[in-house]
Amino acid sequence: MQPLTTANLKSLLEKRLAVIGDHALREEDPAAQLRALQEVSEAIEEEHQKLRPSLPGKLRHYLEQASYQKALAHLEENS
């Protein structure tokens, strides 16, 4: 696996965690947080489909099952 190939995917997974952890946004505007989460989740899926043929089986499995924290951990361990 080439780290540059999956750098955007890793960034999107980190962004998703940041959106989930944004308690201020959740308190102020829950609908905006939900929109942001939906946008980043769609971007993750697009990136997954683009990279799918070159991804290792385990990472592909995590992404297919929406196990995004496991996918991020896999990328961090293998970069």
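Begin by selecting K50, which is exposed, with a relative accessible area of 58%; here buried means under 20% relative accessible area, exposed over 50%, and partly exposed in between, using a 1.4 Å probe and protein chains only. The model is a predicted one, in which local features need pLDDT of at least 70 and side-chain atom pairs count only at pLDDT 80 or more, while totals for chains, interfaces and linings use all residues. Residues are numbered from 1 along each chain as its sequence is written, and side-chain values use heavy atoms, with hydrogens and water left out.

In contrast to exposed K50, E47 is buried at 7% relative accessibility.

Remain at E47 and display its surroundings. Its side chain makes a polar contact with the side chain of N8 at 3.1 Å; such a contact is a pair of N or O atoms within 3.5 Å, where within protein one must be able to donate a hydrogen and the other to accept it, and residues adjacent in sequence count only if both atoms are side-chain atoms. Leaving aside residues up to four places away in sequence, E47 touches T5, N8, L9 and L12, a contact being heavy atoms within 4.5 Å.

Next, select the nonpolar core. The largest one has 14 residues, and those with the most contacts inside it are L9, L13, I44, L59, L63 and A71. A core of this kind is a set of buried Ala, Val, Leu, Ile, Met, Phe, Trp, Tyr and Cys residues joined through side-chain atoms within 4.5 Å. Two or more residues each come from α1 (3-20), α3 (30-51), α4 (57-64) and α5 (68-77), with the largest share, 4 residues, supplied by α5. Centre the view on I44, which touches L9, L12, L13, R16, L63 and Y68, not counting residues up to four places away in sequence.

Move to α4, where L59, Y62 and L63 are buried. They lie on the same side of α4, because they cover an arc of only 95° around the axis, taken from the directions from the helix axis to the C-beta atoms. Y62 has a relative accessible area of 18% and touches S67, K70, A71 and H74, residues up to four places away in sequence not being counted. The C-alpha atoms of Y62 and H74 are separated by 8.9 Å.

Now select R52 and E64. Their salt bridge has its closest N and O atoms 2.7 Å apart. R52 lies in the loop between α3 and α4 and E64 in helix α4, so the pair ties together parts that are 12 residues apart in sequence.

Finally, display the whole chain. The secondary structure comes to 5 helices and 0 strands, and of the 79 residues, 28% count as buried.

Definitions and conventions:
A salt bridge is a side-chain nitrogen of Lys or Arg within 4 Å of a carboxyl oxygen of Asp or Glu.
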